[in-house]
Amino acid sequence: MPKRLNDEITFMILPHSGHTPFSFKMSWGVLVFCLTILFFGALFVIGTFFFALSVNSKLSDYQIVKSQNARQVEEIRQLKIESESLKKDLKRLSDEERELRSNLGISEPSDSTSKAKSDKSSSIEGITPIGSEDMGNLFGVTMDPRLANIKNELSIVRTQLSSRERSFLQISQIAKRKINEYASFPTGFPADGVITSYFGYRPAFGDFHPGIDVATSYGSPIYATGDGVVVFAGWYLSGYGMTVIIDHGNGYETIYAHDSAFAVRVGQRVRRGEVIAYIGLTGFTTGPHVHYEVHHYGRVINPMSVVGANPAEL
Ligand SMILES: [Zn+2]
């Protein structure tokens, strides 16, 4: 080993092709310097190589993330369109429901009012985004919170739809009951004829007439004035003659007297307008007609007060 860095060392090169050998000198210091430069140069080249590899890999990751983001943006756009469409449908459904309730005279259920308020406060504009943790991470990039917003919005729409469904079910049940109630309400006329005697006191006869008389030709049909069940078809008291009695439910009963023949039997369910008997002269009568009475919980009422009436308004 040299004692000093400025001691010189000679390199001789001997070519095999007969050319003149040549030599050169350099100090140990220069040699050490050159070797150091060579070492760090090699380190730099190797380092640059691995750095380039790493950058290439990151670029590849970036491309994937970029492509995922583009897909996500498209997904958000589609979801937004779907969400807006659902909200419009829901609004239309709610308007229909409100109109239906108004027309049928059905009040808003108490829980639905408060529910609607809470739905309104948390939906549409004022959406509170749910956490995006459950949306997962992609290459360390958190998913767009707008996606979480829309998912939250759709969840609210779903809840509201479920609430509307329950509400419509309730409306449907009430409507069916009302339709049934209306169908069974004795609101029609018992025959196509003329009214020859009204309900009430009759000075000419000096009696109280508990129904109306509808006169038409002998043998003409007598119709049920509402849906119900035939509870009587036979000879009823002395003055009524052959009579049909129908129970309509809700306390209503109708009586059709002076018939010549029956078209129904006891226990039979009949609809409004269905032929139940035929005009006759049985009982106390001066001409062919049907004596028609309406009873409500056993009390006789004026048939004209319910002809064409809406049971909901009585
Ligand atoms: Zn009469």
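Guide: The chain's secondary structure comes to four helices and 16 strands (helices are DSSP runs of H or I with at least four residues, strands are E runs of at least two, and both are numbered from the N terminus). This is a predicted model, in which local features need pLDDT of at least 70 and side-chain atom pairs count only at pLDDT 80 or more, while totals for chains, interfaces and linings use all residues. Residues are numbered from 1 along each chain as its sequence is written.

Of the 314 residues in the chain, 18% are buried (20 or more other C-beta atoms within 10 Å of a residue's own; 12 or fewer is exposed, in between is partly exposed, and C-beta atoms are placed from the backbone). Now for the part you asked about. The largest nonpolar core has 24 residues (such a core is a set of buried Ala, Val, Leu, Ile, Met, Phe, Trp, Tyr and Cys residues joined through C-beta atoms within 7 Å). Inside this core, the residues with the most contacts are I222, V244, Y256, I276 and V290. Seven strands each supply at least two of its residues: β8 (212-215), β9 (221-223), β10 (228-235), β11 (242-249), β12 (252-262), β14 (275-279) and β15 (289-296).

Let's zoom in on I276. Leaving out residues up to four places away in sequence, I276 touches I222, Y223, A224, V244, Y256, A263, V264 and V270 (in contact means C-beta atoms, placed from the backbone, within 7 Å). From there, hop over to A263, which sits in the loop between β12 and β13 (269-270). A263 counts as partly exposed because it has 19 C-beta neighbours inside 10 Å. With the sequence neighbours up to four places away set aside again, A263 touches V275, I276 and A277.

Most residues other than glycine have a negative phi. H258 has 25 C-beta neighbours inside 10 Å, so it counts as buried. Another positive phi, of about 50°, belongs to Y297, again not a glycine.

Now for the helices. Helix α1 (residues 28-104) packs with helix α3 (residues 145-184) at an angle of about 20°, their axes 9 Å apart (axes are lines fitted to C-alpha atoms, for helices over the stretch in contact, and angles run from 0 to 180 degrees between N-to-C directions). So α1 is roughly parallel to α3 (the word covers angles under 35 degrees). Their contact has 16 nonpolar, five polar and nine charged residues (Ala, Val, Leu, Ile, Met, Phe, Trp, Tyr, Cys and Pro are nonpolar, Asp, Glu, Lys and Arg charged, the others, Gly among them, polar).

E97 is in helix α1. Residues within four places aside, E97 is in contact with R164, S167, F168 and I171. The C-alpha atoms of E97 and S167 are separated by 8.2 Å, with the two 70 residues apart along the chain. E97 has 17 C-beta neighbours inside 10 Å, so it counts as partly exposed.

Definitions and conventions. Two residues are in contact if their C-beta atoms, placed from the backbone, lie within 7 Å. Angles under 35 degrees count as roughly parallel, over 145 as roughly antiparallel, 65 to 115 as roughly perpendicular and the rest as oblique.
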